[in-house]
Amino acid sequence: MEEDRAPSRAGGLVRLHNTLGRRIVDYAPLETGHYRLYTCGPTVYNVVHIGNLRTFVFEDVLRRHLLARGDRVTQVMNLTDVDDKTIRGAQEAGVSLTEFTAKYVDAFFRDIARLNVDPAERYPKATDHVPEMIDIIHRLQERGHTYESEGSVYFRIATFPEYGKLSGIDLKQTRRGERVADDEYEKEDVKDFALWKAAKPGETSWPSPWGEGRPGWHVECSAMSMKYLGEHFDIHTGAVDNIFPHHENEIAQSEGATGHRFVEVWLHAEHLVVDGEKMSKSKGNFYTLDDVLARRDDPAAVRYLLLSVPYRKKLNFTWETLAGAAAAVERIRSAAVRISEVVSAGTPAKPGAFPAEQRAALFRSEFASGMDDDLNTPEALAALFNFLRQVNAAIDEGSLDSDGARVAEGALGFADRVLGVLPKAPEVLPAEIEERIFARNDARRRRDFAEADRIRDELSARGIVLEDTPGGTRWKKASAV
Ligand SMILES: [Zn+2]
């Protein structure tokens, strides 16, 4: 795919639905052209399911879209490797916490790589950041937000009047003063929550001013996000299940400790259901990526399905919707192949040719404005298929010339920077490239410049750029898009 950059829209506004305040905002980052993004990562106690993967793909699309605009992104995704679930899992498996979580960390990275999720800048582990968590608890203690009970430290929600502003729970309806020690609980159980939990026999623990223990899950994300992104940053994401209590508690802890605003925009991905029902192991409709690929070995189709439904809508996974996604990916791929054939064929321009520049510009602006509208992927995809229909029709009637095809290829590459469903260019072997350079030099000696140019174009279509220098011809890979 030819490298192609759209005119930069860096620094402009992106329309996003902020869960905080439940409204659409036209957002520009705190630092011009640079988004700081925290994405809650997996709890590494099992292999993630396709519902979790939907959230990770949504975050990847968000990241890719901001980058495609020409902005810079610093994304941090934590790995929760100590909490109630990981500790329970390690105890049941009879292995150390580190040994238990390591294999699920590997499985997670393998899954997101198969779905072509681009890596974040950082993947901090909770167990590497306990001193930072202790520091936050200490700051909360100094500001009067905590109390101790039997070696554990709790956040007193009554000391934070804005508690509930993200999830919309009504503090007046709650029974204050009761505590909850569990990391996860329901909205009906709005209570003071644990920042630090006293060690139980056999549990992994760390020393602290309050004795041996371990952090609560929520404080982990406050500590790791603020360490790497600063105490006030742009976007925080997760699944809708994270809104309460996890993100509500993160706000209380972070703003309680610093005394100022924590995050500007909160984005939450809706649930994925299977055949219209909540996934559950007992119903037999609980799928990991391996389960899905065992039945249909097409990770790009899975990625396409996960991103094709707007992130704020429930996604219904069925084998039929997956087949539909596979067909859509195939349409994009076969158009890409046809376009590259026209590029290689060297068809000259002629009167009445397909107006590629004009159509591609219109397509790019429609695609980008769909994505700028709270990541409206159906709108962006509709623009893509409309463009591909026009290009296919032009190829059928022979009105697409090679220059036009190169423009179409660039436009398709522009869309795929966000979609990530086209196969990457196959690796080219250096020996093969040297052979083609030799053939090109030979053609130039014969003064067959048409052949020499044809070889240059052929290599360029494979992502190899030639440079003729006084010392001979050098080659390099075109920089990654
Ligand atoms: Zn989190």
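Student: What is the mean pLDDT of the chain, and what does pLDDT stand for here?

Tutor: The mean pLDDT of the chain is 92, and 95% of its residues reach 70 or more, where pLDDT is the predictor's confidence in each residue, from 0 to 100. This is a predicted model, in which local features need pLDDT of at least 70 and side-chain atom pairs count only at pLDDT 80 or more, while totals for chains, interfaces and linings use all residues. Residues are numbered from 1 along each chain as its sequence is written, and side-chain values use heavy atoms, with hydrogens and water left out.

Student: Where does pLDDT stay under 50?

Tutor: Residues 1-5 stay under 50. Where pLDDT is low, the predicted coordinates should not be read in detail.

Student: Why are strand E1 and strand E2 called paired?

Tutor: Two strands pair if DSSP finds at least two bridges between them, strands being DSSP runs (E, at least two residues) numbered from the N terminus. Strand E1 (residues 14-18) and strand E2 (residues 23-27) have five bridges in the antiparallel sense, so they count as a pair.

Student: What makes strand E3 and strand E10 a pair?

Tutor: Strand E3 (residues 34-39) and strand E10 (residues 233-239) share three bridges in the parallel sense, and therefore meet the requirement of at least two. Thr 39 has Thr 237 in E10 as its bridge partner.

Student: Why are E4 and E11 called edge strands?

Tutor: The open sheet of four strands runs in the order E4-E3-E10-E11, with parallel pairing. Strand E4 (72-77) and strand E11 (263-269) are its edge strands, as each pairs on one side only.

Notes
Contact = heavy atoms within 4.5 Å.
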